[in-house]
Amino acid sequence: MIGLISATAAGAAARDRLAAAWPDRTRVYEGAVPDAVRAAYAECEQLVCFLATGAVVRLLAPLLADKRTDPGVVCVDEGGRFAVSLVGGHGGGANELAREVGALLGAEPVVTTATDAVGLPGLDTLGFPVEGDVAGVTRALLDGEPVALDAEVPWPLPALPLTESGAAAYTVRVTDRAVAPGEREVILRPPSLVVGVGASKGAPVGEVLALVEGALRDAGLSARSVAEVATVHAKAKEPGIVGAAERLGVPVVTYSAEELSQVEVPNPSDAPLAAVGTPSVAEAAALVRGGELLVPKRKSAARPAMATCAVVRRPGRGRLAVVGLGPGARDLLTPRAEAELRRASVLVGLDQYVDQIRDLLRPGTRVLESGLGAEEERARTAVAEARRGQAVALIGSGDAGVYAMASPALAEASDDIDVVGVPGVTAALAAAAVLGAPLGHDHVSISLSDLHTPWEVIERRVRAAAEADIVVTFYNPRSRGRDWQLPKALRLLAGHRSPRTPVGVVRNASRADESSRVTTLGELDPATVDMMTVVTVGNTATRRIAGRMVTPRGYRWQEEPE
Ligand code: SAH
């Protein structure tokens, strides 16, 4: 809950806007300000105070205890110009809240936490349990001192300016082993361990927990890297298993007996086969998604033993984000694309596209750029990096799936990596918005590049579009070495459309030197078209209205609901 406190009429007005926008997230505290602040501080996870920072500092100072548990506090000034993240920037989420409040009230978010200010992720905000000298290593990262990455378990991390080898004074160590952090060292605990558990009906929580903890301890593994407790469907509600998982702070994940019975395990036995229909529960449930068996099946110490467990290190799954950057203008790059770029530790793309977004990358992001033509190699590199456990962003202009990198990359990719696609505004849409409404009815895109597609195939598709009276956008319309294809394609369309059919030509849509014109099939001079251009040819219903290209939605569209 977010507690809202104000003192003045202007403050109350801004407060009411927040309360109205977030009715389920906020609670208004009225009455004397000191009492209201104290009550909200005790009862809420976050506070927004429409008060001077000085007043809030004086009231909060005696209440502050620990930055990991203190509420996050944001102050908004009387003029509503600034949303200041005052305390609890990371742990209390005040930095994020300041941004949200700022967006809602039109106020500038003020964030002074050093890592946020320079675009570095805080080591304590990566989503991994963290141990050791967080302050010291963060300081070193901020000061640009070399910090070495020592990753015993390859796991996708966001980009941090880390060096590969150990020559540095500071270290970020990624391990699931039960080691203590050294001096000037931070240990990140990846969620790499899966504990498979089997239990007889009524097995006590204590017995299951002691078994699991003993197994981890004997194998030298950290409980903080346990990602889940895995078992068979039939045991999903077994109190001993559920209770042990709760104490470990992880979910219980279950699989069918049939699926488990197909997993090859070193220690199958008859008892579970008779009870639940699979020769192995603990080992099979731990291994079912692959990985390395670190602790083979062992039984609890009680007699008769009522629980079994096994521990597996699952492979870190790399992540490949295929990100469309849009046609060029920064404000046509989606927030989701920006978030993926910031998350990446490796960026792969054509050098000219990398230049478009270099300022958005986090310090330390490894950039693998290449020149025109090396598509296959870029695709292979991106996939190979993801398979090494990296978070990779593969970028393309417009939409990365339209005549671009998504298909060669996914043709290479196997199911051992996660793939996310971020759509981008493709050239046809960027151009259409410039031209008017040329795509109001059925339309196709056709690339005139015959580098990878035989001309006969391209020609067959142009003919089909011509016969079907479909609006056509030509990508890759013309280059220095390819000059006859566009005139040929236009002649094919002209066989079925009047010479007066509107044609839109847009060069560098949304970029600084954008230019466009609407002409006709009969008048278009192909020599004025180049590779930075798309050409959109209307259908027989397309009209030029007030200089804009408009394709009606159809003859009966007015009768149809929106
Ligand atoms: N993935 C890109 C297309 C790559 S093919 C996208 O979705 O937009 C390259 C062709 O796209 C160029 O030859 C040109 O025809 C077109 N193109 C890309 N960006 C453009 C822009 N900003 N303005 C006009 N045409 C563009």
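Figure 1. A polar side-chain atom of Arg-511 lies 3.3 Å from a nitrogen atom of the ligand. The backbone contributes too: a polar backbone atom of Asn-508 is 3.5 Å from a ligand nitrogen atom. A backbone N or O atom of Ala-427 lies 2.9 Å from a ligand oxygen atom. The protein covers 92% of the 540 Å² of accessible area that the ligand has on its own. A polar contact is a pair of N or O atoms within 3.5 Å; accessible areas follow Shrake-Rupley with a 1.4 Å probe. The model is predicted: local features need pLDDT of at least 70, side-chain atom pairs count only at pLDDT 80 or more, and totals for chains, interfaces and linings use all residues. Residues are numbered from 1 along each chain as its sequence is written, and side-chain values use heavy atoms, without hydrogens or water.

**Figure 2. Domain 2 against domain 4.** The domain assignment, automatic or from a database, places domain 2 at 126-188 and domain 4 at 319-425. Their centres, taken over C-alpha atoms, are 26 Å apart. Eight residues of domain 2 are in contact with 11 residues of domain 4 (heavy atoms within 4.5 Å).

Notes
A polar contact is a pair of N or O atoms within 3.5 Å; within protein, one must be able to donate a hydrogen and the other to accept it, and residues adjacent in sequence count only if both atoms are side-chain atoms.
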